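Me: I have a new structure to look at. Can you walk me through the main features?

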Amino acid sequence: MTEITKSKDLGNGWVELNIGPQHPSTHGVLRLKVKLDGEIIREVEPVIGYLHRNAEKICELDYYCDSLIYFDRMDYVGAMNMEVGYLEAAEKLLGIPPPERVKWIRVIMAELSRIAAHLVWAGAFGLDLGMLTPFFYCFIEREKILRVFTETCGSRQETNYMSIGGVYQDFNDKIVYDIEEFIEQFPAKLEVIFNAYVKNDIFISRNKGIGILEPEVAISYGVTGPMLRASGIDYDVRKAEPYLVYDKVNFDIPVSYKKDNLARFLVRFEEMRQSIKIIGQAIKKIPDGPYFNPKAKKSLMIRLRGEGETYARTESPKGEFGVYLVGDGGVKPYRVRVRSPSFKNLSVLPVLAKDVMIADMVAISGTIDLVFGEVDR
Amino acid sequence: MVEILEESRGKDGRRILKVARENLVALMANLKDQGFDHLSLITGVDRKDRLEVVYHIHSLKKNEYIVVKTETLDERVPSLTSLYDSANWDEREQYDLMGIIFEGHPNLKRMFLPENWAGHPLRKNYDLLKVQYINMDENGEDYATFDSGDGW
Amino acid sequence: MSILLRLQSLFSIFGHYLSFILAYLLETVFMIVFVMVSLVAVIYLFRKYMARVQLRIGPNRVGKFGLLQLIADSLKLVGKESVLPRGRDDMPFRMAPVIIFLGLIMSFAIIPYGSLYWVGSLTITDSDVSVLLLFAALAIMPIGELLAGISSRNKYAVVGALRGVAKDISFEIPMMISVLALVMMASARTSTPLNLTSLVSVQFIPYGIPQIIGLGVFFIAMVARASYSPFDMGESDSELVAGHSTEYSGMRFGMFYMGMFGSIFLGSMIVSILYLGAYNGPFSGDLGFIYLLIKSLILVILAFTIWLSVPRIRIDKFVNLGWKYLLPASVINLVIAGILTLGLGL
Amino acid sequence: MIEVKEPKKEIPLIGTIKVIFSIGKHIFQKPVTVQYPEERPALPDRFRFRIFLSLDDCVGCTLCEQVCPNKSIAMQKVERENPRNKRKIYPDVNFGTCTVCRNCEEICPTDAIYLTNVFETSRTRNSFTYSPEELSMPEEEVVK
């Protein structure tokens, strides 16, 4: 039996504690090296890389059309947004624009996927705070969206629905009907979940004024998405640099100036309502036409050659998702670089979780909305 | 004013500025004063004979986007951590996967991989056939080995 | 006629002393069986209720409606290896679950259960100071939690134990003050106000009605004693993994688990005895036990619903709540009880 | 741009009681659980999992092997009379790594390889790979 190593003495009575990588509230494999002064956290150092697969290298070794499944597995709760992000870059690089109908289909699928991703976050955030039940209501709703995905493309979560220059299968009447039915019944269910959170005194007291993120800090750390908007900056890639057909639909960007946990919570819920609004408009405006670009069908799939470099930005559920593609004229990309929003959002945690209690740090890391497939790639 | 070697437009219509490595920090400080407050992405590209480092910056207020490129032959590039906080993790990641040494970085450790991992995976000459195994030592820190024997 | 005397008369052929010894032994066995069965029932109820609130089905594979699920679970726990951490403090580590379970059983022994049709009174121990005994027995359980926390050499466990202690001292005083108000009210009517049986017998109207504040304070204290959400800071699973019971496995963990569910059942029983008139009701001579069971089950369900729908309160906010709100409220309650007793002669 | 407002402040405790009540009310709703082996939910039409290979149509062009992102498909030599497949090579599929991306179905020039909606393909740990003959059989006939 070996000697038990004594705990490192940090002086001033602090204790070093490892939270994670296997821990119920870290949403995967985040490891936080925490220095505790009693209950109060003095220093946090996130350690990541436990889910690292180096998707960028794998994409370099594959054809342009194959890389898509690795993007599915980055933000695996909102896979469609990742596909849109990659295809925005790849289609520009390869010079294969999608037909008009495909753009509308992609908008609908991306927004459905955004709702699905936010629902996962909403449920898991409740679990972080110790609220067991809303999690199930969120997942019941999410399951309806995944059912629509299954009907459209045959897979539930890692859909691989889109392909370069089009989508894999066309919409039919049943899918349109199902989506319409979903967006009709969803807002009422969303209100039930929303009220279950915000009417709760304890929920408010756990979140109001906790984890204040100043806008200057947020910009300097490259924070984007709902976290940035909750700090009072109305920046959304869908408005700032419209891709697909986001300039043809009418929606608002939710902004809050309160900068705390509750603001981030409210912004995400408002985003879900706005997504419903976008889907409602898009499903009516969908034009007829082909659902793929014939230049990228069948065996032409693997013969696409790209040269030069592109960078495409899209608004994923977590924030600004960017893909930087460099091609050297071959059938495989020369360099793929992914700007993952969760990665940047996580880097602000040491600032947010300084001098707060353990319980607050769990709530703060819950509002960052981490998905580790995307942080570690 | 900083000397810009080359200015062009990418396929997506973004402005690309190319500067020498020595002028990088000066140019970035200049751009930051002009309102480009958001360092979005740092990318290292292995061009086989040289390493290219690409910085994507944009301005939230003016909604403009600029790509800044610089090149290095000896893997060394000045760090931007003094200007942007977001450079911290990005530079660590590029050091980890690409082997670019950012001079002046306060905490240049590997981001994803264990500290003693051999090689930098995104280099074009990285040997994919050499399998490395990750183990955990007494203190909970990871380390990489080439033999699979003592894994848990 | 209590259950003890009945058993004693059954064994009377063995002589006076031996028959009493046998009767006590058999009674203890009865009680432990009752505690275990009610624990299993409460856990089953909880799982089924939680599942239905969350729109699931719940256990339904083992036995009809999953009734045997808990038997299977406990068999699994017994059969599991109990892993002992290397750096533990051995004696307290092994004792802690036993202490918790012992405190639970002792508290169950003191409760007056009322009477059932032909069995007569089911009360096990009758003492003139059973209120004091009950709260003394209740105070044993936190010791087990504390021992478990500091002996298992785990930082999560230590923080959990510290939280547990901070929680305990912040609600015990308001709880005892509200009990004091009860005893004060009862002392006007009975000469032995510290006896639980006479405390129940003087509740012509349940004390929960004149002492609604006391009822609230006491119920919150009982939920906190059982470390149920929102007051489960000591073993909050999303922050401290499992708090003081992090390092436990096998049947030792099962004891903690049973202690948790047992104490919510116990707490509901105590609340219904002290405030809701326990076994009082029409035909209480025949159905008293049933009334007690129904009242405490309603409270248990209420506690479950609170667990399922409320997030965890932060420890410093709970300490605030205890000292700034519960303590003044219980003092106000005491004053009201005094006015009611002395001024109105209720 | 819209600014999200903080929710209306409730009287302390009343809001919490409302929440407890609204969540407790769910007990009267029907559970959504589908108990899988006994009751089977209706699968959507386009649901796909198991890869099926028509040996007669396969021309051995190896396109599916090239396009498979995980290298789950490898070509195997099979002694079989097929005038269109001169090289006598057919794909086998490792279902342990297959991600059901459907690229092979998309690229196949003769539609020889396609996906079916069979999904109960449990196998032991070391035999995820289906040989070309096994791929061409219905799932029930495959020896696991």
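Reply: First, a term: two strands pair if DSSP finds at least two bridges between them. Strands (E, at least two residues) and helices (H or I, at least four) are DSSP runs, numbered from the N terminus. This is a predicted model, where local features need pLDDT of at least 70, side-chain atom pairs count only at pLDDT 80 or more, and totals for chains, interfaces and linings use all residues. Residues are numbered from 1 along each chain as its sequence is written, while chains are lettered from A and ligands numbered from 1 in the order in which they are written.

Me: OK. How many bridges join strand S6 of chain A to S1(D)?

Reply: Two, and the strands run parallel. S6 of chain A covers residues 254–255. A:Pro254 stands opposite D:Ile2 in S1(D).

Me: Which chains share the most contacts?

Reply: Chains A and D, of the four pairs of chains in contact. Two residues are in contact if their C-beta atoms, placed from the backbone, lie within 7 Å. On the chain D side, 32 residues are in contact with 41 residues of chain A.

Me: Which element gives the largest share of the side of chain D that touches chain A?

Reply: H1(D), with six residues. Elements giving two or more residues there include helix H1 (14–24) and strand S1 (2–3) of chain D. By class, that side of chain D divides into 18 nonpolar, six polar and eight charged residues. Ala, Val, Leu, Ile, Met, Phe, Trp, Tyr, Cys and Pro count as nonpolar, Asp, Glu, Lys and Arg as charged, and the others, Gly among them, as polar.

Me: And how far apart are chain B and chain C?

Reply: They do not touch; their nearest C-alpha atoms are 14 Å apart. No contact joins chain B and chain D either, with closest C-alpha atoms 15 Å apart.

Me: New topic: helices. At what angle do H3 and H4 of chain A pack?

Reply: About 135 degrees, with their axes 7 Å apart. Axes are lines fitted to C-alpha atoms, for helices over the stretch in contact, and angles run from 0 to 180 degrees between N-to-C directions.

Me: What does that make them to each other?

Reply: H3(A) and H4(A) are therefore oblique. Angles under 35 degrees count as roughly parallel, over 145 as roughly antiparallel, 65 to 115 as roughly perpendicular and the rest as oblique.

Me: Which residues meet there?

Reply: A:Ala79, A:Met80, A:Asn81 and A:Val84 in H3(A) meet residues of H4(A), among them A:Arg106 and A:Met109. The contact has five nonpolar, two polar and two charged residues.
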